[in-house]
Amino acid sequence: MTTLLNLLSALALLVWGTHIVRTDVLRVYGAQLRRILSTSIKRRGLAFLAGVGVTSLVQSSNATAVIVCSFVAQGLVGLTPALTIMLGADVGTALMTGVLSFDLSWISPLLIFGGVVVYLSRRHTSVGRLARAAIGLGLILLALQMITAATQPMMQGAGIKVLFSTLTGDVILDALIGAVFAMLTYSSLAAVLLAATLATSGIISLKVALCLVIGANLGSGILALLTAASQNVAGRRVALGSMLFRLSGAIVVLPFINYLELWIALLTRDLRFGVVAFHVLYNTVRCGLLLPLVEPMSRLCTRLLPESDKDDDAAIAARHLDPAAIDTPSLALANASREVLRIGDLIEKMLLGLLPVIRDNDQLRAQQIRKLDDDVDKLYTALKMYLARVSREELNEKEVRRWTDIVTLTINLEQAGDIIERIVKGVESKKIAPQRSFSDAGMTEVCEMHARLVASLQLGLSVFLDGDLKSAQKLLAEKEAFRDLERAYSKTHLTRLAGETRQSIETSSLHLDLISDMRRMHSLFCSTAYSVLDDAGMLRRSRMDTGEDPVVQQERQEFGDYSHPP
């Protein structure tokens with residue numbers, strides 16, 4: 001039992017080390033690697049080499065698959081070059097398996113010791129993250145030593161021999177076990193290296209080890225399919241094509257596995273080297289032969305996964321929240337910024353459609369606004385969950401501030417959408433249904449406030465995007481002016497009530513609620529100014545210069561201090 005636990009812990013350490021290397025390499029060089037993949041699509045050979053190189057660095061074809069699937073899902077890369085990159089990724093992960101199979105035990109303590117020293121001293125820098133990747137590589141090499149040591153006592157255990165002797169009969173079953181193991185460990189590298197070590201120790205035969213290797217390749221393809229399930233149909237086609245390529249290779253090779261066992265046994269007595277060499281040659285030859293078939297495979301995947309109405313609906317979903325960018329915080333924040341601006345565009349559409357509802361009793365526009373609010377809610381939820389997955393521990397001070405700004409603006413825009421929908425419901429129940437109308441003066445006031453509201457939304461999004469100080473000051477000044485305008489129009493409305501204007505009396509409640517809701521929305525739109533002014537050290541002075549009165553203080557308590565949002 002102790003021996004088995006030692007083996008399982010060594011496997012866990014191998015998987016964890018691979019995860020650390022992949023995560024930290026992507027965090028430091030994720031943007032550059034993604035740029036290499038996206039710009040190497042013009043020539044097939046270059047795309048293939050890009051897949052080999054990127055996968056060799058991140059030590060995971062699954063990580064490359066996630067990036068490529070997201071590119072295709074966003075329309076940045078075509079299906080044919082994406083499949084070419086995936087063939088290169090299969091070769092890249094096989095090459096790294098070959099490199100790690102050599103005796104590099106002397107490097108492991110150097111990588112772990114040096115990595116820990118550098119990481120603890122420069123934890124939140126790129127150098128520190130690369131040091132952590134070095135620690136992960138050292139753990140991989142250490143885990144391989146532990147696996148070798150743990151398998152030695154197994155030779156003496158009769159029960160262990162009986163357990164593994166059940167894997168010597170059925171080729172298909174052995175391949176399926178290899179696939180399951182690769183899926184459980186989330187790494188074909190771990191499955192292949194374990195198979196090589198068990199074969200060297202004599203616990204399993206060479207034939208079983210070769211079947212496990214082929215199965216590990218299939219398991220990696222299944223993982224890519226499961227990961228791409230959340231993508232649109234274009235992204236799923238990449239994973240499907242890669243899986244079909246892997247499956248075709250397995251179908252061709254498995255019937256000849258007995259002959260391959262004999263040839264490898266004749267060529268070398270080092271079974272570990274034989275298994276790893278088979279893995280490298282199998283993927284290299286398979287991918288090389290399949291490279292001319294990427295275009296037919298693209299057409300086949302397009303036929304197997306056609307566009308559907310469900311995929312058209314998916315266009316409403318988030319477009320820029322690339323899951324593959326989570327491990328690169330700066331890139332993830334850039335994607336989130338693009339998505340929150342898209343929410344801002346939807347809010348602007350809702351605002352532009354609001355005026356015809358108020359002025360012309362346009363019921364069709366009212367329905368469109370409700371639909372847009374549903375879209376805003378979907379994007380809000382997606383963006384909120386996306387930002388929650390970004391590790392704040394890995395962000396520097398500037399990135400933390402940007403993360404907070406994005407969250408704050410997202411919440412404010414979602415609240416603005418709810419306010420617009422509430423205004424629409426109020427207009428329908430208090431104006432459209434009873435066939436009432438605003439007075440000419442009242443309608444003029446609403447139109448003016450609406451125009452300034454739209455302009456402030458556009459200015460607020462601009463401030464969020466470029467952080468311009470003058471625009472932020474202008475936005476804050478506009479907030480004060482808008483508040484004064486709301487007070488003035490409330491007084492003029494009361495004057496019309498005193499003059500017994502019939503239209504004003506009938507729509508009084510609606511009119512006051514409307515201008516109050518507009519003021520609330522305007523405050524939400526202007527909140528982007530606080531972060532910029534605070535960065536410039538002008539926030540407190542701006543408040544003093546504007547003579548913040550008790551009404552403003554009350555509003556700040558109601559909406560919160562947007563310079564330091566929760």
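The model is predicted. The chain has 25 helices and zero strands. Of its 566 residues, 54% are buried. A search of the whole structure finds 15 salt bridges, while the count of disulfides is zero.

**Overall fold**

- Thr328 sits in the loop between helix H15 (309–313) and helix H16 (329–360). Its relative accessibility is 2%, so Thr328 counts as buried.

**Helix H10**

- Helix H10 runs over residues 206–227. With 22 residues at 1.5 Å a residue, it should span 32 Å. Its end C-alpha atoms are 32 Å apart, so expectation and model agree.
- H10 is mostly covered, with 18 of its 22 residues buried.

**Salt bridge Arg286–Asp90**

- Side chains of opposite charge can pair when their charged atoms come close.
- Arg286 and Asp90 form a salt bridge through their side chains, at 3.1 Å from N to O. Arg286 belongs to helix H13 (residues 271–290) and Asp90 to helix H4 (residues 79–100), so the pair ties together parts that are 196 residues apart in sequence.
- Both partners, Arg286 and Asp90, are buried.

**Salt bridge Lys371–Asp375**

- The side chains of Lys371 and Asp375 also meet in a salt bridge, at 3.2 Å from N to O.
- Both residues lie in helix H17 (residues 363–389). They are four residues apart, which means a separation of about one helical turn.
- The two partners differ in cover. Lys371 is partly exposed, at 41% relative accessibility. Asp375 is buried, with a relative accessible area of 9%.

**Salt bridge Arg401–Asp535**

- Arg401 and Asp535 pair through their side chains in a salt bridge of 3.2 Å, N to O. Arg401 is in helix H18 (residues 397–432) and Asp535 in helix H23 (residues 528–535), so this bridge ties together parts that are 134 residues apart in sequence.
- Arg401 has a relative accessible area of 25% and is partly exposed. Asp535 is exposed, with a relative accessible area of 54%.

**Salt-bridge network**

**Cysteines**

- A disulfide is a covalent bond between the sulfur atoms of two cysteines. The structure holds zero of them.
- Cys211 has 0% relative accessibility, so this residue counts as buried.
- Cys287 is likewise buried, with a relative accessible area of 0%.

**Surface**

- The accessible surface of the chain comes to about 25,400 Å². Carbon and sulfur atoms account for 62% of that area.
- Phe256, Tyr259, Leu262, Trp263 and Leu266 make a nonpolar surface patch of about 650 Å².
- One of the patch residues, Tyr259, is found in helix H12, which covers residues 257–267.

Conventions: Residues are numbered from 1 along each chain as its sequence is written. This is a predicted model: local features need pLDDT of at least 70, side-chain atom pairs count only at pLDDT 80 or more; totals for chains, interfaces and linings use all residues. Side-chain values use heavy atoms; hydrogens and water are left out. Patches are made of residues with over 30% relative accessible area and no salt bridge: like charges are joined within 9 Å, nonpolar side chains (Val, Leu, Ile, Met, Phe, Trp, Tyr) within 5 Å. Accessible areas come from the Shrake-Rupley method with a 1.4 Å probe; for residues, only the protein chains shown count as cover. A salt bridge is a side-chain nitrogen of Lys or Arg within 4 Å of a carboxyl oxygen of Asp or Glu. Helices (H or I, at least four residues) and strands (E, at least two) are DSSP runs, numbered from the N terminus. The expected span of a helix is 1.5 Å times one less than its number of residues. Buried means under 20% relative accessible area, exposed over 50%, partly exposed in between (1.4 Å probe, protein chains only). A disulfide is a pair of cysteine sulfur atoms within 2.5 Å.
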